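Hi,

Here is the structure I promised to pass on. Have a look at it first, and my notes follow below.

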Amino acid sequence: MKLRVGECLCGSGEDYERCCKLKPRYTFDYHTYNQFIGKRARQYDQFKMPCVFSNCSEPVIKSHTIQNNGILDRLAVDGHVYETDGTAPDGYPKIELKKIGRNETSLFRCLCNRHDAELFAPIEKQPYIGSDEQNLLYSFRSILFSLWKATENRNYWKTEYFDKYNIFHDFFEGRAGGMYEQFILSNIAMQDDYARIRMLHDKYMRAVEERDFSILTHRCFELDYEIGFACCSLLYTNTLPNGGAIDPNLVAEVGKENYYPQMTVACFPNDGKTHIICSWLNEDIDNAHYGKFFAQMRTTKEVLDVFNIMLPTITEEIYYSPVLIDSLTPKAKAELCRVAGAEPMLVGQYINTGYQWLNKKCGFDLFRMVRY
Ligand SMILES: [Zn+2]
Ligand SMILES: [Zn+2]
């Protein structure tokens with residue numbers, strides 16, 4: 001987000017003097033804030049975006065983030081799966097394992113009924129054979145979910161805060177606490193996030209419309225047994241497994257927005273096997289970053305050790321089978337919650353830990369074989 005001098009930070013395009021300065025003050029409340037930074041996308045479902053197919057005016061439906069009903073059915077026991085969920089009982093975030101109905105798993109609203117069925121038919125109706133088209137569709141799922149979440153976040157932030165209050169008052173009066181700054185930075189991050197995801201989405205959509213599925217590079221791994229979780233994630237890591245940071249030259253300006261390489265990971269058990277599909281755009285900067293990322297791991301076992309820590313840390317869109325969770329010790333469950341609640345800033349640290357201590361036992365092994 002780029003702003004003129006004097007322009008209001010809320011993104012209205014007006015000068016602060018004529019915009020938020022005229023609104024009532026917002027009283028900062030840590031508790032509300034923490035609820036807000038929790039799973040707001042799921043909580044605030046009131047904004048309806050149009051179907052993302054061009055020229056489509058059909059109403060959007062709810063789509064499951066974990067694609068293919070068969071996967072959720074596989075994970076569920078008596079119709080239930082586990083997620084790690086954040087609450088803020090005393091104003092501080094607390095992460096716990098929560099059992100939820102299979103139908104309560106993560107949803108997004110980007111597609112009308114017809115386009116949802118048509119777009120995902122090759123992975124919903126056909127067995128997974130690892131074609132470029134199927135791999136792109138698994139990846140597209142995370143992009144669409146992220147687009148929806150970024151849109152909801154942006155809209156929620158706007159209607160609940162910026163349209164109502166002057167949340168910048170103390171900031172400009174020089175009484176800013178760290179939280180105010182975080183508030184404002186979050187807004188800017190949210191706008192950037194949206195722009196970035198939108199751009200990714202447009203590239204995927206063009207690939208689908210032109211049936212050119214070769215825009216992505218994939219690293220796919222197949223295990224000859226079934227695991228007890230599934231995820232559908234868009235993630236960005238600035239850390240390489242050996243602890244090196246992302247090369248600053250790889251963070252390029254594309255158009256007006258800062259552009260960071262992102263990778264999608266779809267991971268699911270299916271038909272006696274497990275598939276892990278990691279995808280990123282062929283464009284040079286992405287290839288260089290994630291190419292390096294994978295080049296630092298020598299065996300599939302090392303990839304799994306890194307992902308074991310990385311996936312629960314980075315993604316909310318991960319669901320565990322009760323078969324797996326019930327097999328964990330209380331200590332292992334606590335460790336999983338700790339990892340799931342780690343600040344994204346600490347992700348690098350966790351990944352390093354995962355990599356550097358390959359021989360040291362992590363409290364949980366998400367990639368262990370389960371028998372459903
Ligand atoms: Zn304003
Ligand atoms: Zn449509």
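**Helix packing and cores**

Helices α9 and α11 sit oblique to each other, because their packing angle is about 60° and only angles of 65 to 115 would count as roughly perpendicular. Bear in mind that this is a predicted model. The two helices span residues 300-314 (α9) and 330-340 (α11), and their axes are 7 Å apart. On the α9 side the contact is made by I309, P312 and T313, which meet L336, V339 and A340 of α11. Sorted by class, that contact has five nonpolar residues, one polar and no charged ones.

Now for the cores. The largest nonpolar core has 71 residues, and F229, A230, V265 and Y319 are the ones touching the most other members. Another core, of eight residues, lies apart from it; L9, C10, C20 and W157 are among them.

If you click on V265, you'll find it in contact with C231, S233, L235, I276, C278 and L311, leaving aside neighbours within four places in sequence.

One more residue to look at is L234, in strand β6 (residues 229-235). Is L234 buried or exposed? It has 25 C-beta neighbours inside 10 Å, and 20 or more is enough, so L234 counts as buried. Not counting residues up to four places away in sequence, L234 touches S142, I143, S146, Q262 and T264. L234 and W280 are 46 residues apart in sequence, with 9.7 Å between their C-alpha atoms.

Cheers

Definitions and conventions: Residues are numbered from 1 along each chain as its sequence is written. Chains are lettered from A and ligands numbered from 1 in the order in which they are written. This is a predicted model: local features need pLDDT of at least 70, side-chain atom pairs count only at pLDDT 80 or more; totals for chains, interfaces and linings use all residues. Axes are lines fitted to C-alpha atoms, for helices over the stretch in contact, and angles run from 0 to 180 degrees between N-to-C directions. Helices (H or I, at least four residues) and strands (E, at least two) are DSSP runs, numbered from the N terminus. Angles under 35 degrees count as roughly parallel, over 145 as roughly antiparallel, 65 to 115 as roughly perpendicular and the rest as oblique. Two residues are in contact if their C-beta atoms, placed from the backbone, lie within 7 Å. Ala, Val, Leu, Ile, Met, Phe, Trp, Tyr, Cys and Pro count as nonpolar, Asp, Glu, Lys and Arg as charged, and the others, Gly among them, as polar. A residue is buried if 20 or more other C-beta atoms lie within 10 Å of its own, exposed if 12 or fewer, and partly exposed in between; C-beta atoms are placed from the backbone. A nonpolar core is a set of buried Ala, Val, Leu, Ile, Met, Phe, Trp, Tyr and Cys residues joined through C-beta atoms within 7 Å.
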